[in-house]
Amino acid sequence: MNSLSSNQAVDARTPIDETRQIVPQETTVCVVGLGYVGLPLAVRFDETGYDVVGYDIDADTVAQLSQGTDTTGDLGDETVKSGDVAFTTDPATLSNAGYVLLTVPTPLDQNNRPSVEFVKSAAETVGQHMTPDTTVILESTVYPGATQEVLVPALEDASGLECGEEFSVGYSPERANPGDEEHGLRNVVKIVSGQNSTVRADVAELYEHVIDAGVHRAPTMEAAEAAKVVENVQRDVNIALVNELAMVFDDLEIDTQAVLAAAGTKWNFHDYGPGLVSGHCIPVDPHFLLHSAQAEGSVANLIRTSREVNEEMPAHVADQMVKALSEAGRPLADSCVLVAGLTYKPDVPDIRNSKVAAVLDTLREYGIDLVGYDPQVPNETLTEQFDIPALDSLSFEEFDGLLLATPHEEFRGLNPAAVADQLIAPPAIVDVYGTFESSQLPADAIYRGI
């Protein structure tokens, strides 16, 4: 097994002393998968002095990265251009790696069951080319036990090598938060684990060279896998509570935000707000734990119910828009609504798994015309992915209503009164995340939050 040069161990959760000397290791790190997780990893290992290979099957992605274009939008072109990462689609380069980091997608299938096909495929490619003494570390989100049950057999079958004797495996889940500079790769504690204590120590030392916040050594790979999933299960459950409260308070004709603001004055009240639960983590990860629970005959009712509640929110948001238009006296089939912000979270260009799409689908059932605007996404992409025309620049004129769905920075700086003045009177506004201060709107405005 590969071993890094000797350094004093760093205790779990203890930041590394940035003044200590970082010695380039006599080994190569290969990162498989160059998306929003893999690319920052490859760049960071390169910055620290490793020889780094960035491998991806997407020739266009590799071509752009080789030309110095940041395909994720998080690092910046200059960061990619100035580095020495060897970007490639050639799997033969994997044979040079002492450490292979797998950062491939793990989506859900149409029945919300975890799909590990990308892990299997990547493992087969790695196995065909890796040499003895390689350590393979999975970073993808998986259900507890998947590293041992899925990754190891695929590597063994493809390589003809025996895990534990001729190569090693570890698990270290990604914790990336795209668009969040405060919580980037370097300054978030890294969970590390290995198939045994020796591998765990080796994997920990590897990551200690690139993670300033330090590492946390999980006792088993299963514990590390479960920890990653639980991080987002916890958020899903808490958001589900306030989402259910929002729907209840709507029926009771009580202002949800006023309730939460009042309750929030207690020192131990948790600050969560209602909204659409979109993206690649919170709506997805609970299903990994549900999968494991079901396999063992466990029920996990709270986790399952929370998912169901959060999946009801797009219909609730659409219902708020319908009510606002009706209250404003607009015939729904003759109404046109501007949808501002369609990405899955503020200030990022990613539209994958955005629940705004589900809101639009419901509004179309009422015959409402829709137009989109998102400063983060090219118009042709909006039209193709959401099947709506898109504005080149933000304007509220001639629209019956405004659905403020994703609160990008551009929207947070708007004057609510000026927006209302441009909309057809009386203006109908649905503000999913409370971006506008309702007191700044004119008296005739029909304003609904979530």
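Colleague: Why does E231 count as partly exposed?

Modeller: In this predicted model, E231 has a relative accessibility of 24%, and since buried means under 20% and exposed means over 50%, a value of 24% falls in between, so E231 counts as partly exposed.

Colleague: What makes the contact of R175 with E231 a salt bridge?

Modeller: The closest N and O atoms of R175 and E231 are 2.6 Å apart, and because the rule asks for a side-chain nitrogen of Lys or Arg within 4 Å of a carboxyl oxygen of Asp or Glu, the pair qualifies as a salt bridge. This pair links distant parts of the chain, with R175 in the loop between β6 and β7 and E231 in helix α7, 56 residues apart. R175 has a relative accessible area of 30%, and is therefore partly exposed as well.

Colleague: How do you know that K228 and E174 meet in a salt bridge?

Modeller: The distance for K228 and E174 is 3.5 Å, taken from N to O, and the limit is 4 Å, so the side chains of K228 and E174 pass the rule. Here too distant parts of the chain are linked, for K228 sits in helix α7 while E174 sits in the loop between β6 (168-171) and β7 (190-194), 54 residues apart. Both K228 and E174 are buried.

Colleague: What makes R364 and D361 a salt bridge, and where do R364 and D361 lie?

Modeller: The closest N and O atoms of R364 and D361 are 3.1 Å apart, which is within the limit of 4 Å, so this pair is a salt bridge too. R364 and D361 both belong to helix α12 (residues 356-365), where they are 3 residues apart, about one turn of the helix. With 31% for R364 and 44% for D361, each value lies between 20% and 50%, so R364 and D361 count as partly exposed.

Colleague: Is F396 buried or exposed, and how do you know?

Modeller: F396 has a relative accessible area of 4%, and because buried means under 20%, F396 is buried. F396 is found in the loop between α13 (379-386) and β11 (401-404).

Colleague: Why can I254 belong to a nonpolar patch on the surface with V248 and L252?

Modeller: I254 has 40% relative accessibility and counts as partly exposed, and because patch residues need over 30%, I254 passes that cut-off. I254 lies in the loop between α7 (221-252) and α8 (256-263), and the patch of V248, L252 and I254 has about 250 Å² of accessible area together.

Colleague: Which residues are closest to the centre of the second largest pocket, and what is its volume?

Modeller: The second largest pocket has a volume of about 1,000 Å³, and of the 36 residues that line it, N177, R235, I239, I282 and K345 are the closest to its centre. Two or more lining residues come from each of α7 and α8, and α7 gives the largest share, with 5 residues. The lining divides into 18 nonpolar, 11 polar and 7 charged residues.

Technical notes. Residues numbered from 1 in each chain as written. Predicted model: local features only at pLDDT ≥ 70, side-chain atom pairs only at ≥ 80, totals over all residues. Heavy atoms only, no water. Patch = residues over 30% accessible without salt bridge, like charges linked within 9 Å, V, L, I, M, F, W, Y side chains within 5 Å. Areas by Shrake-Rupley, 256 points an atom, 1.4 Å probe, with all protein chains shown as cover. Helix = DSSP H or I, 4+ residues; strand = E, 2+ residues; numbered from the N terminus. Buried < 20%, exposed > 50% of the residue type's maximum accessible area, 1.4 Å probe, protein only. 1 Å grid on protein atoms, 1.4 Å probe; cavity = no way out; pocket = protein on both sides within 12 Å on 5 of 7 lines; lining within 4 Å. Points joined across faces, edges and corners; volume = space filled by probe spheres on them. Nonpolar A, V, L, I, M, F, W, Y, C, P; charged D, E, K, R; others polar.
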